[in-house]
Amino acid sequence: MAEYWNINPEHESAVRDFFTSVPEADVVLDFEIGEKDFVNSGKGSAEVKNTLKRLGIGPETLRRIAVASYEAEINVTAHSQGGRMDSYLYDEFILIRFTDKGPGIADIEQAMVPGFSTADDLVREMGFGAGLGLPNILKNSDALHIVSAQGESTRVEIMIFYGN
Amino acid sequence: MIMLSDYLALIDGTNLTPQLDPTQIEIKDAYVSDMLSDVMGSAKPGQAWITIMKHLNVIAVSSMTGVEAIVFAKGSAPDPAVIDKAIEEEICLVLSPKSVFELSGILYQALHK
Ligand SMILES: Nc1ncnc2c1ncn2[C@@H]1O[C@H](COP(=O)(O)OP(=O)(O)OP(=O)(O)O)[C@@H](O)[C@H]1O
Ligand SMILES: [Mg+2]
């Protein structure tokens, strides 16, 4: 399995501590994501956004979380055989984990390059396939962790701090 | 800044979501693209989104980025299910017979005069 990490230096130690011993979350939300189910894809991210909004998270942080989460949810829909998203809400940040049933990413560094896409015709017809989803997740997250390999499942973990 | 209602008058626009009031929606700028992840990465609240894409995902993209108005070019209208979802999310949908180029030019002029 290949592994990719990107951590905002500002939160480096908090992120490392967190992944060393993952504490129990205050709130947990989970959703199934169906293969090529573009009708329902996005509902998980919308629910996360609405929950955080109710908890008083500010609009700019909400936008970052919504954009990163939606891109990852759409990627599971568009590129995998389906999977799930699990969102863990903590006091100061959210962790959203996407796990799917494969077929995996052969070269994660290449997948991160803006413009790189293997989207099929159906996915392109839906308006996706610009190769900008993973770069958008990178830009809007404080930590991005991807674990995958060709023929294996993909795990994408996104951590975003609420700020002030 | 102009109100969406003033822009509608300039583009032969129809409000597909009459439950929402275009005289209350401020337009400060626009984003023009048909690639949804491009819009996800660059569109901002206060912008109108001018596009020819019209399936359900455009509503989610608007909602995630905070875009309050979508202008569908070349008279291609979305399905009723898309309109219902937009009303639920409070995103105003506008239909115009004009091309993306004309829609952008007209808005640019209105914003910069
Ligand atoms: N969950 C996944 N499973 C398998 N491959 C994936 C997954 N997520 C991303 N990829 C691969 O990484 C590539 C780049 O993803 P990215 O989200 O950046 O672009 P895209 O989905 O192709 O297009 P866009 O996001 O702009 O609509 C994809 O085309 C696909 O090859
Ligand atoms: Mg994508």
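Two strands count as paired here if DSSP finds at least two bridges between them. Helices (H or I, at least four residues) and strands (E, at least two) are DSSP runs, numbered from the N terminus.

A quick word on the model: it is predicted, so local features need pLDDT of at least 70 and side-chain atom pairs count only at pLDDT 80 or more, while totals for chains, interfaces and linings use all residues. Residues are numbered from 1 along each chain as its sequence is written, chains are lettered from A and ligands numbered from 1 in the order in which they are written, and side-chain values use heavy atoms, with hydrogens and water left out.

**Figure 1. Chain A, with 6 helices and 6 strands.** The C-alpha trace of chain A spans about 40 × 30 × 25 Å along its principal axes. Its radius of gyration (taken over C-alpha atoms) is 15 Å, which agrees with the value near 15 Å for a compact globule of 164 residues. The globule rule used here is 2.2 Å times the number of residues to the power 0.38.

**Figure 2. The open sheet of chain A.** Six strands, in the order S1-S5-S6-S4-S3-S2, make up this open sheet of chain A, and their pairing is antiparallel. Strand S1 (2-7) and strand S2 (27-33) of chain A are at the edges with a single partner strand each, so one side of each has no neighbour in the sheet. From one strand to the next, the twist averages 10°. Angles run from 0 to 180 degrees between N-to-C directions, and axes are lines fitted to C-alpha atoms, for helices over the stretch in contact.

**Figure 3. Zooming in on S4 and S6 of chain A.** S4(A) and strand S6 (residues 155-161) of chain A run antiparallel, joined by 7 bridges. Look for A:Ile94, which stands opposite A:Ile160 in S6(A). H6(A) packs on the sheet and touches S1, strand S5 (143-148) and S6 of chain A, where contact means heavy atoms within 4.5 Å. The direction of H6(A) makes about 140° with that of S5(A).

Figure 4. Most residues other than glycine have a negative phi, and most peptide bonds are trans. The peptide bond from A:Gly102 to A:Pro103 is cis, though, with omega near 20°. You'll find A:Pro103 in the loop between S4 and H4 of chain A. A:Lys36 isn't a glycine, yet its phi is positive, about 55°. This lysine, A:Lys36, sits in the loop between S2 and H2 of chain A.

**Figure 5. The largest pocket.** On a 1 Å grid over the protein atoms alone, a pocket is an open set of points where a 1.4 Å probe fits, with protein on both sides within 12 Å along at least five of seven lines; lining residues have an atom within 4 Å of a point. The lining of the largest pocket has 38 residues, and A:Asn75, A:His79, A:Ile105, A:Thr118 and A:Leu134 lie nearest its centre. Helix H3 (59-79), strand S4 (93-100), helix H4 (108-112) and helix H6 (133-140) of chain A each give two or more residues to this lining. H3(A) provides the largest share, 7 residues. By type, the lining of the largest pocket divides into 19 nonpolar, 14 polar and 5 charged residues. Here Ala, Val, Leu, Ile, Met, Phe, Trp, Tyr, Cys and Pro count as nonpolar, Asp, Glu, Lys and Arg as charged, and the others, Gly among them, as polar.

**Figure 6. The second largest pocket.** This one holds about 550 Å³ of space. It is lined by 21 residues, with A:Lys49, A:Lys53, B:Ser63, B:Gly66 and B:Glu89 nearest its centre. At least two lining residues come from each of helix H2 (43-54) and H3 of chain A and helix H3 (57-65) of chain B. The lining of the second largest pocket divides into 9 nonpolar, 5 polar and 7 charged residues.

**Figure 7. The sheet of chain B.** Chain B has 5 helices and 7 strands. Five of its strands form an open sheet with mixed pairing, in the order S2-S7-S6-S5-S4. Strand S2 (14-15) and strand S4 (29-32) of chain B are the edge strands, pairing on one side only. S2(B) pairs with strand S7 (residues 92-95) of chain B in the antiparallel sense over 2 bridges, and B:Asn15 stands opposite B:Val94 in S7(B).

Key. Grid points are joined across faces, edges and corners, and a volume is the space filled by probe spheres set on the points.
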